[in-house]
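I opened a new page for this protein and wanted a plain record of what I looked up. The entries are in the order in which I made them.

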Amino acid sequence: MADDRDTLKAASRALADAAAQLTRALGTQARQHLPEVGEVIAQGLREAALELADVSESMDKKSGKGEARRRSKVDRTRADLLDAAARVFSAKGFEGASVDDVATEAGYTKGAVYAHFGSKRDLFLAVARSVLDAESAGEHRLPGVTTDGVDVAALEAALAASAQDPRLLLSIELLAYAMRHPGTSEELEVVYARAFDALASHVADVRRAREARAGHDVVPGVTEHDRDTTLGVVAVLNVAPFGVRLLGEPYAGPAAGARVIARLLEG
């Protein structure tokens, strides 16, 4: 009997996962070509996924595994919603996007979005944190830039990849939101400040290593010069990906952006 329950639980979880994945894949494609049929398909698949997940969760509770399973489900749902929201906000902007859009893109119900984030604004700020949060130091280091120097080719490749990123517009949307909602964007400003400080710390590491190699006195900490350099780097990172689309070489683009950043970091 125990083996049968385990088999049924595994099957329920597999079917729930498959239904959720099919919702995102088939639902999105169908809505593009047959909007009304696509929505019916997506809704039916969402309901099937939820029912199957409920069966699996109920069985886990009876077997004493409910809490771990619930936590895993919550984390997965939140990650799915954040990923979908990043795509939707990038494509439609904060003002143009709706909670329904995000739920449909993620393959969940609108209630799931509100259960995890409370409001569209809370969801938007959560996306901003996931993109900019300085607690993940590795995300705020320049590709190809280490204390040993600047690999211009690697930096250029990273900028070229950024220019092709379908979520490129999200960075502009975050800035636009802060400008349009000056009285309600304090948290976003804090997130941006943390991200800037993390990048400035990376720039300072590179500068100190350069001073040591040159036999100069090494100035500790993050200096005003480091912050000025960081400001220049951020400006290039924001402009270069768009410049390649608007102007192209030789006016702007990954190669030009990489060269400018290298010059900034070389002092």
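**Entry 1: ground rules.** I noted that this is a predicted model, in which local features need pLDDT of at least 70 and side-chain atom pairs count only at pLDDT 80 or more, while totals for chains, interfaces and linings use all residues. Residues are numbered from 1 along each chain as its sequence is written, and side-chain values use heavy atoms, with hydrogens and water left out.

**Entry 2: the whole chain.** I looked up the helices and strands, which are DSSP runs numbered from the N terminus (helices are H or I, at least four residues; strands are E, at least two). The protein has eleven helices and two strands. Along the sequence I read the pattern α-α-α-α-α-α-β-β-α-α-α-α-α.

Next I looked up burial. Buried means under 20% relative accessible area, exposed means over 50%, and partly exposed is in between, with a 1.4 Å probe and protein chains only. Of the 267 residues in the protein, 38% are buried. The protein exposes about 14400 Å², and carbon and sulfur atoms supply 58% of that area. Such areas come from the Shrake-Rupley method with a 1.4 Å probe; for residues, only the protein chains shown count as cover.

I then turned to contacts, meaning heavy atoms within 4.5 Å. Among contacts with a separation of 6 or more, 65% join residues 24 or more positions apart.

**Entry 3: two packed helices.** How do helix α6 and helix α9 pack? I found an angle of about 5 degrees between α6 (residues 120-132) and α9 (residues 186-213), with their axes 10 Å apart. α6 is therefore roughly parallel to α9. Angles under 35 degrees count as roughly parallel, over 145 as roughly antiparallel, 65 to 115 as roughly perpendicular and the rest as oblique. The axes are lines fitted to C-alpha atoms, for helices over the stretch in contact, and angles run from 0 to 180 degrees between N-to-C directions.

On the α6 side, Leu125, Ala128, Arg129 and Leu132 make the contact; on the α9 side, Glu187, Leu188, Val191, Tyr192 and Ala195 do. These residues divide into seven nonpolar, no polar and two charged. In this scheme Ala, Val, Leu, Ile, Met, Phe, Trp, Tyr, Cys and Pro are nonpolar, Asp, Glu, Lys and Arg are charged, and the others, Gly among them, are polar.

**Entry 4: the cores.** A nonpolar core is a set of buried Ala, Val, Leu, Ile, Met, Phe, Trp, Tyr and Cys residues joined through side-chain atoms within 4.5 Å. The largest one has 31 residues, and Phe89, Leu123 and Val127 have the most contacts inside it. At least two residues each come from α3 (66-96), α4 (99-106), α5 (110-117), α6, α8 (168-180) and α9. Helix α3 gives the most to this core, with eight residues. Another core lies apart from it, with 13 residues, among them Val203, Val233, Ala258 and Leu265.

I also listed the partners of Leu123. Beyond four places in sequence, Leu123 touches Leu81, Leu82, Ala85, Phe89, Val102, Val113 and Phe117.

**Entry 5: helix α10.** Is threonine 230 buried or exposed? Threonine 230 lies in helix α10 and is buried, at 0% relative accessibility. Setting aside residues up to four places away, Thr230 touches Phe196, Leu199, Ala200 and Val203. Threonine 229 is also placed in α10 (residues 224-246), and at 7% it counts as buried. Its contacts, again leaving out neighbours within four places, are Val203, Leu264 and Leu265.

Entry 6: Leucine 142 sits in the loop between α6 and β1 (145-146) and is buried, at 6%. Its C-alpha atom is 9.4 Å from that of valine 233, 91 residues away along the chain.

Glutamate 173 is in helix α8 and is buried, at 12%. Its C-alpha lies 7.1 Å from that of phenylalanine 94, which is 79 residues away in sequence. Beyond four places in sequence, Glu173 touches Phe89, Gly93, Phe94, Glu95, Phe124 and Arg180.
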